[in-house]
Amino acid sequence: GITIDRVVSGEQQPESDHFIKEENTQAGSIEDVRWREAKGWFSYTIKTNPKESVQLYIRYWEEENRKTNVLIHDQEIGRLEADAHTSDKVKTASSSIPKALNENSPLQVKIATDNGRTSHKILEIRVIKETF
């Protein structure tokens, strides 16, 4: 498979297995799909393969007026933004992980937002091998 490691957000065992740290977050579920969102931030320790080109793959629930900053080792590698007319639906986003940040496993992957904002509901985060 191309997945190196994955975390299901909002599920206690996967989150504790990935050493969740959090500040001002909440978790819940929509039709049995678990999620976590932040008014502050949360982070996981996620395995990678430093020898591979890898991407961070995020499944999230898209809602209007949300903003999510995605960081690895506290460096922003991408963000999720929603237009005001966004419909509520599950989307996926992927960002290439810069080689300089992928030199050691595991990665510290952080989901954060701006002051006064709320992040998207994050469903799942994976580190995957890039396939060309």
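Analyst: **Strand β9 and its surroundings**

Strand β1 (residues 3-8) pairs with β9 in the antiparallel sense, over five bridges. Strands here are DSSP runs of E with at least two residues, numbered from the N terminus, and two strands pair if DSSP finds at least two bridges between them. The model is a predicted one, in which local features need pLDDT of at least 70 and side-chain atom pairs count only at pLDDT 80 or more, while totals for chains, interfaces and linings use all residues. Residues are numbered from 1 along each chain as its sequence is written, and side-chain values use heavy atoms, with hydrogens and water left out.

Strand β9 itself covers residues 121-129, and seven of its nine residues are buried. Buried means under 20% relative accessible area, exposed means over 50%, and partly exposed lies in between, computed with a 1.4 Å probe on protein chains only. In a regular strand the side chains alternate between the two faces of the sheet.

Lys121 belongs to strand β9. Lys121 counts as buried because its relative accessible area is 10%. Its side chain makes a polar contact of 3.2 Å with the side chain of Glu37. A polar contact is a pair of N or O atoms within 3.5 Å; within protein, one must be able to donate a hydrogen and the other to accept it, and residues adjacent in sequence count only if both atoms are side-chain atoms. Leaving aside residues up to four places away in sequence, Lys121 touches several others, including Trp35, Arg59, Tyr60 and Trp61. Contact means heavy atoms within 4.5 Å.

Glu130 lies in the segment after β9. Glu130 is buried yet has no salt bridge, and the nearest side chain of opposite charge, Lys99, is 6.9 Å away. A salt bridge requires a side-chain nitrogen of Lys or Arg within 4 Å of a carboxyl oxygen of Asp or Glu. For charge, Lys and Arg count as positive and Asp and Glu as negative, whereas His and the chain ends are not counted. The side chain of Glu130 does have a polar contact of 2.6 Å with the side chain of Ser96. Not counting residues up to four places away in sequence, Glu130 touches Ser53, Val54, Gln55 and Ser96.

Definitions and conventions: Helix = DSSP H or I, 4+ residues; strand = E, 2+ residues; numbered from the N terminus.
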